[in-house]
Amino acid sequence: MASGADRLLLRTARTGGWWNGLLAAAALTDAVAATFLPLAMAGAVDAALGTGPASSPSTAIVLCGALIVASAAAEVLSELATGCGQARATAWLRHLLVARVLAAGPALRIRPGDVTSRVVTGAAEAGVAPVAATQAVVSAVPPVGALVVLVVLDWRIALTIAVALPLVGLLLRVFVRDITRTVHRYLALQGTIAARLAETLGGARTIAAAKTADRELARVLAPLPDLRAEGHETWDAQGRIAARGLLTLLLLQVAVVGVAGAELMAGRISPGELVAAVQYTGLAAGFGPVLANLVRLGRARAGTRRAAEILAAPAPAHGTAEPPPGGGGLLEFRGVGKGGVLHDLDLVIPAGLAVAVVGRSGTGKSLLAALAGRLTDPDRGEVRLDGVPLPRLSRKALRRAVGYAFDRPFLFGGTVLDAIAFGSDRPPEPRLRAAAKAACADGFIRRLPREYGTPLADVPMSGGERQRIGLARAFAHAGRLLILDDATSSLDTATELRITEALLGPLSDRTRLIIAHRAGTAARADQVIWLDGGRVRAQGPHRVLWGDPAYRAVFGVNDA
């Protein structure tokens, strides 16, 4: 995972585009100005004291001023490029993560709240990669330039500094390792809190009914002490490296002043060059800019590690095939097994039939429904639609061919009409309204203040009303296969009967796979598939299967 995270970090760093170039140019200008400023100041000191080459003090001062102005202008451009480059990289990574989350679908095993934390907070941390990488490289210019100048001024002073540089490098390496681990743990704890909070919000009614708000609050915030500890560890790591760096720099400056003083007494350097040597010592071993960039890189590495875990989630690959024209939705399961729930399932569902799937809880009904439309893939075997294996179909062809309605549908869109229209293609409005009528949703929609144009956020819906909107969405987009996964569980018997009549009437030109819990629903289907122990125990008309006491027991009918 670490190598994948590092590759992602490099990819993120490259997404800054031409803002990276502007940042590099501005930062390099600032670094060059910082490198030459001590030399200019040395010239000014020597010119004022008359100990250096003959030159006007005003000329030296003007040169110092020009370098300071160049440095200030470069700082302004650096700030602009930093903000824009970071925003661009963050947006790129968030698009990448959201695309993978949607592609992975139900197969993603990371909790929703944690995913949100990784996409929002983690991507923002990783988005500093272009800035941190560019400035980390450029920040090496002043130390290298300082050493080069010191070698030219006096090799003895340069040697004094060079002896201490391996210690500086070791300190920085240990710091990068520690800060990356600490920030990764910190972000992981943030993700845990976000995941628990999302679960709590989703179950707010249950918590209120159970009167467990205090217990739930404690559960959500339980990681806070560990989060605080990791935060303190981050600051402690920065404090330790800063203290050690300052101590190293002070000792090094004392040593340089001693060596430079001896060189001045020997007449090998001038007073201005002594001043420059002390300043170059700070540039060569200074921790400030380097430390700041290493902190950014450490946080970026931690963010990309968490992002890489999402990108490592398997996403189903799609082919380029289209279903054969005129197909009616022939659905085949060939030796399908999945997750220890379904075993060697061989099943053929004829095209154009309404087929109910029944069975006790845990027998794999919803899993079979998910496999039928490729919301998940089997561990072994294959599922075919009109003779074409589902993985060979293109994503658009698959979604156009298969429509779903769920027991607890989530509604998307600005208005009620948008919620019904939500899908890969937007059907015309007459078709949307017809679908709402077939789903028995038209009545309560027309009672809303703005009917179909009512903002979705302003519509308080019961579970049954939400299910009817979900059914209308499925009816509006239904292709050759329509799958209802317990999609009428919150409806009263009369409403369910009317919807079943629509399934057997206007929607009867396609295959309908209905996960059923009521005997009446199974009775109105053309065929019934009875699952037991992850296998098909029987398949046939409801009236035939009803003669088996074990079948009647599935619906709670006890003959004893």
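Two residues are in contact when heavy atoms lie within 4.5 Å. By this rule, residues 24 or more positions apart account for 78% of the contacts in the chain with a separation of 6 or more.

The structure is a predicted model, in which local features need pLDDT of at least 70 and side-chain atom pairs count only at pLDDT 80 or more, while totals for chains, interfaces and linings use all residues. Residues are numbered from 1 along each chain as its sequence is written, and side-chain values use heavy atoms, with hydrogens and water left out.

The secondary structure comes to 22 helices and 10 strands, which are DSSP runs numbered from the N terminus (helices are H or I with at least four residues, strands are E with at least two). Six strands form an open sheet of mixed pairing in the order 6-7-8-3-9-10, where two strands pair if DSSP finds at least two bridges between them. Strand 6 and strand 10 stand at the edges, each with a single partner strand, so one side of each is left without a neighbour in the sheet.

| Strand | Residues |
|---|---|
| Strand 6 | 402–406 |
| Strand 7 | 481–485 |
| Strand 10 | 535–540 |

Strand 6 and strand 7 run parallel and are joined by five bridges; within this pairing, G403 has L482 in strand 7 as its bridge partner.

Finally, buried residues (under 20% relative accessible area, with exposed over 50% and partly exposed in between, using a 1.4 Å probe and protein chains only) make up 46% of the 560 residues in the chain.
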